[in-house]
Amino acid sequence: MLYLSNTQMEPNDEHIRKLTGNSNPEENYKVPQGYFDTFSSTVKEKIEARSQPKKAPFYHAFLRPAFSIPVAAVIVITAGYFVFFSSPAPEGAELLASESQDTLEISEEAIEEYLANDIALVGADGGLDEDILVYALDTEEDKVSVETLDSKGRSGVIKDSAAELDAEDIEEYLLEHADETLFENL
Amino acid sequence: MSEAQPQINEDEQLVRQFKDERTRSFALHLIIKKYEKKVYWHIRKILIDHDDTDDALQNTFIKVWENLLNFREDSKLYTWLYRIATNEALAILKKKRTRFFLPLVDVEAELSSKIDDSSHYTGTEIERKLQKALLKLPEKQRIVFNMKYYDDMKYEDMSEVLGTSVGALKASYHHAVKKIERFLESD
């Protein structure tokens, strides 16, 4: 690169001045009217705007710990309350509730009448006679009851009865009742 | 032509007024009033467009407000001001290139089209040609040419503004003059 020292002759731009008529672009570039009259106040306004603390968005107030923690706690408690009380009751709870209601409505006379009619199933002490119950379960008619009871996983007596069935019996039974089983499953 | 050289004593007084909190705001007003036109034209010759120039000029005086308290009085206020203004103008040019993902030549072409636009520039054909020739120079060379040719700024002051040696500035001006002569003498 060419370097010129302070003592060297300065570059001559006279030729350009002659060619262009020594014009100044300040006369040719357009500036909006009154621009310099308001410029100083425009700068001052900008400086003032910058010096003022920026206004935080409205939601910033909710993010402060003093506010956000209690609000979060209230939200969690409210949500928990609704989740707990609006969840469906456990299966059978309604049935039990209606049964207990029915039990309350049954009169003593009705109970006595019932016991008198079905006395054969009741022992001398008023409880169910085990022999009668086993007999009843052994009959062909009550095999269905055994299955039904067994499938619901009821008492141990019934389970023991079911455990006495061997694989052949079960297979034979299933073949015989295949259509019914299919129909029921549908 | 040599308006660009202000009285140093006056600038020292302005800086002193600025450093006094009670007169700071008024001192800024005086500084703006004293330099707004000179600095505006310095920037305008670089950026061509008025709106861009306005942005750069505002930023320049905002920076003066923010930094004049730390101003070292061993340098001149006006060279310091020109330095800020030059950097602001160059930053806007750089931003334009980054924003549009255009190479240098395309930004210069965009600026050149503004010189052709009569709503921006009203000069004669040869004056227009000179402005377009300037856009073909490298940025720094163009700034050197403007400061010497139009503002008649001393090389020593230009050296403070641009952080370049006097010898390098003279060489730069010499190259710029030769290129422009060639451009103007071509069709």
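Biologist: Which residues is B:Val39 in contact with, leaving aside its neighbours within four places in sequence?
Modeller: B:Val39 is in contact with B:Leu57, B:Thr60, B:Leu81, B:Tyr82 and B:Ala85. Keep in mind that this is a predicted model.

Biologist: Let's zoom out. What does the secondary structure of chain B come to?
Modeller: Chain B has nine helices and zero strands. From the N terminus on, the order is simply α-α-α-α-α-α-α-α-α.

Biologist: Now H6(B). Which residues are buried there?
Modeller: B:Leu130, B:Gln131, B:Ala133 and B:Leu134. Seen down the axis of H6(B), the buried residues fall within an arc of 160 degrees, so they line one face of the helix.

Biologist: Why do residues three or four places apart point the same way in an α-helix?
Modeller: Because an α-helix has 3.6 residues a turn.

Biologist: Good. Switching to H8(B) and H9(B), at what angle do their axes cross?
Modeller: At roughly 100 degrees, and the axes come within 9 Å. An angle from 65 to 115 degrees counts as roughly perpendicular, so that is how H8(B) and H9(B) lie to each other.

Biologist: Which residues meet there?
Modeller: From H8(B), B:Tyr155, B:Glu156, B:Met158 and B:Ser159; from H9(B), B:Val166, B:Leu169 and B:Lys170. By class, that contact has four nonpolar, one polar and two charged residues.

Biologist: Last topic, the other chain. How many residues of chain B are in contact with chain A?
Modeller: 35 residues of chain B, and they are in contact with 29 residues of chain A. On chain B, the elements giving two or more residues to that side are H2 (24-47), H3 (50-67), H6 (125-135), H7 (139-150) and H9 (166-185).

Biologist: Where does the largest share come from?
Modeller: From H9(B), with 11 residues.

Biologist: And how many nonpolar, polar and charged residues does that side have?
Modeller: The side of chain B that touches chain A has 17 nonpolar, 10 polar and eight charged residues.

Definitions and conventions
Residues are numbered from 1 along each chain as its sequence is written. Chains are lettered from A and ligands numbered from 1 in the order in which they are written. This is a predicted model: local features need pLDDT of at least 70, side-chain atom pairs count only at pLDDT 80 or more; totals for chains, interfaces and linings use all residues. Two residues are in contact if their C-beta atoms, placed from the backbone, lie within 7 Å. Helices (H or I, at least four residues) and strands (E, at least two) are DSSP runs, numbered from the N terminus. Ala, Val, Leu, Ile, Met, Phe, Trp, Tyr, Cys and Pro count as nonpolar, Asp, Glu, Lys and Arg as charged, and the others, Gly among them, as polar. A residue is buried if 20 or more other C-beta atoms lie within 10 Å of its own, exposed if 12 or fewer, and partly exposed in between; C-beta atoms are placed from the backbone. The arc is that of the directions from the helix axis to the C-beta atoms. Axes are lines fitted to C-alpha atoms, for helices over the stretch in contact, and angles run from 0 to 180 degrees between N-to-C directions. Angles under 35 degrees count as roughly parallel, over 145 as roughly antiparallel, 65 to 115 as roughly perpendicular and the rest as oblique.
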